[in-house]
Amino acid sequence: MMKKNILCMSLASMLFLVSGSAYAAKTFVYCSEASPRTFNTQLSDDTVSGHASKLMYNRLVEFDRGGVQIVPRLAESWTVSDDNLVYTFTLRKDVKFHTTDYFTPKRNMNAEDVVFSFMRMHDKNHPFHNVGGAKYVFYMGMEMPDVIKSIEKVGEYKVRFTLNKPQGTFLTNLALETIGQILSKEYGDQLIKEKNKDQMDSMPIGTGPYAFKSYKKDSSIRYVAFKDFFAESPKVDQIVFLITPDQTVRVQKMIAGECDMIAEPPAMEYNNFKKNPNLKVIDGDVINISYLAFNVNKKPFTDVKVRKAVAHALNRKSYIDAIYRGRATVAESILPHNMWGYNDNLPVYDYNIDKAKKLLKDAGFENGFTTEVWALPVSRAYNPDGKKLAELMQSDLAKVGITAKIVTFDSTTYFNKTEEGYHTMAQLGWSSDNGDPDNFVTPLLSCASAESGSNIAKWCNKEFDALIQKAQTLAAADRAERSKLYEQAQLIYKNEVPSIPIASSKIYRVMKKNVMGYVMNPFGRDDFEFIELK
């Protein structure tokens, strides 16, 4: 009889573990929209990888919870020289790295880990620089190799950054997951001995509140609470990402109670979720933009007349109701209208078929041409339905003689191909990472980011670049002068039309009523550090 009871318990446990909707009481289930490209966002700036990595890492400085103010994190304090060229950080001494079944740390986090993490991106001779393809999109796109002169250990718990030139956004850039997250040098040394360096980014080790447990591509990611986390202890034992690319399926899972929260809830379901007594909805304002980027190196989009013709051909106002259900405004610049530094005196490309046709005729395309429009494959607040938006664009372009084939891929392939410039026209968007205009103009439009990949328009304008580089060198507090420079840069952007701004949207999140501790991130990223289940 005893053996029979043990067998029954074992079967029940197995069913409990494999059931799609049955999880432990202290497990938070997040239905995410895609598989991550990497578990190290130094290698990728996409939102999915950001969410998948954020739980596991910390940075020297971070943004305050739900805000935009810089606060100490792995660094307990820092000093800045009078000429704004030397930043010296004093590190916490009580920070442990994750212990897993594949790594056991023998020491706490120290200055060696900080230097190791930054030099991986900065130094081409670093043993891990080429691991993962050496494509540090954001670090390169933000021109950090030109900004940083040296990174040095000046004590076991002290690190010094010396800059080539002042940069008003230096601290906020260090707070970004795509630049500042700290890896374990000790783990790196172990992987070098094991001749298994690729494991650094696929089986990660960090200092964050949750440690990596397992990943099954296109299925799930599992994290476990890190009991030795240096800050407030995690409130749930496990976090599970159920990878659910289909937006409709995510909604169904949310309603059925299979998810505690879902990624990118669709605008069209907002009112239904609000009425559901088992769910709660949190509204938030974020700084975001969606756009249609041209590859300006590919004909016929090398011609600004053609780019302007497309801008006049798109009925962007009609997209607000059809795609965003009214929860957005038409955008007119690469900077959102609610971002400081926004220029509200820019030329507007109104919906005008006659103007579009005349511009095409002047460019030698009186009978139009055939091209492609790439549709964003994942739902985003800035673009809730890439396929439907592409269909509307396709219909608008047909009215002026442009035949546009709709193309899309899985999310990883889509982002890789757009970064490499395979497209002619492609949908993309951006949400602010740090509340500074530079966070839009540099990664999306600078010459450096055209090379690194985040500037998928592949547009490089020297006059534009000079303006934004000058704005970078000014102190963060010198907002008025920086605003003038960004306003001038936006005018160049609107006259050259490397991309067409589509919309800036509102966002919301939906979750079960027993989910506590979630605070809307002003940058549109989901933060689960303080999540608990009532």
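**Two helix pairs in a predicted model**

Biologist: In this predicted model, at what angle do the axes of helix α17 and helix α19 cross?

Modeller: Take residues 438-445 for α17 and residues 462-473 for α19. Their axes come within 11 Å. The crossing angle is roughly 140 degrees.

Biologist: Is α17 oblique or roughly antiparallel to α19?

Modeller: Roughly antiparallel needs an angle over 145 degrees. The axes here cross at roughly 140 degrees, so α17 falls in the remaining class relative to α19. That class is oblique.

Biologist: And is the crossing of α17 and α19 left-handed or right-handed? Which residues of α19 make the contact?

Modeller: The crossing is left-handed. From α17, the contact takes in Asp438, Val441, Thr442 and Leu445. By class, the whole contact has four nonpolar, two polar and two charged residues. On the α19 side, the residues are Phe464, Asp465, Ile468 and Gln472.

Biologist: Now for the other pair, how is α13 oriented relative to α15?

Modeller: α13 covers residues 316-324 and α15 covers residues 386-398, with axes 10 Å apart. They pack at an angle of about 150 degrees. The cut-off to pass is 145 degrees, so α13 is placed relative to α15 as roughly antiparallel.

Biologist: How many charged residues does the contact of α13 with α15 have?

Modeller: α13 passes α15 in a right-handed crossing. Tyr319, Ala322 and Ile323 in α13 meet Lys388, Leu389, Leu392, Met393 and Asp396 in α15. By class, that contact has six nonpolar residues and no polar ones. The charged count is two.

Key. Residues numbered from 1 in each chain as written. Predicted model: local features only at pLDDT ≥ 70, side-chain atom pairs only at ≥ 80, totals over all residues. Heavy atoms only, no water. Axes fitted to C-alpha atoms, helices over the stretch in contact; angles between N-to-C directions. Helix = DSSP H or I, 4+ residues; strand = E, 2+ residues; numbered from the N terminus. Parallel < 35°, antiparallel > 145°, perpendicular 65-115°, else oblique. Left-handed = near helix turned anticlockwise from the far one by under 90°. Contact = heavy atoms within 4.5 Å. Nonpolar A, V, L, I, M, F, W, Y, C, P; charged D, E, K, R; others polar.
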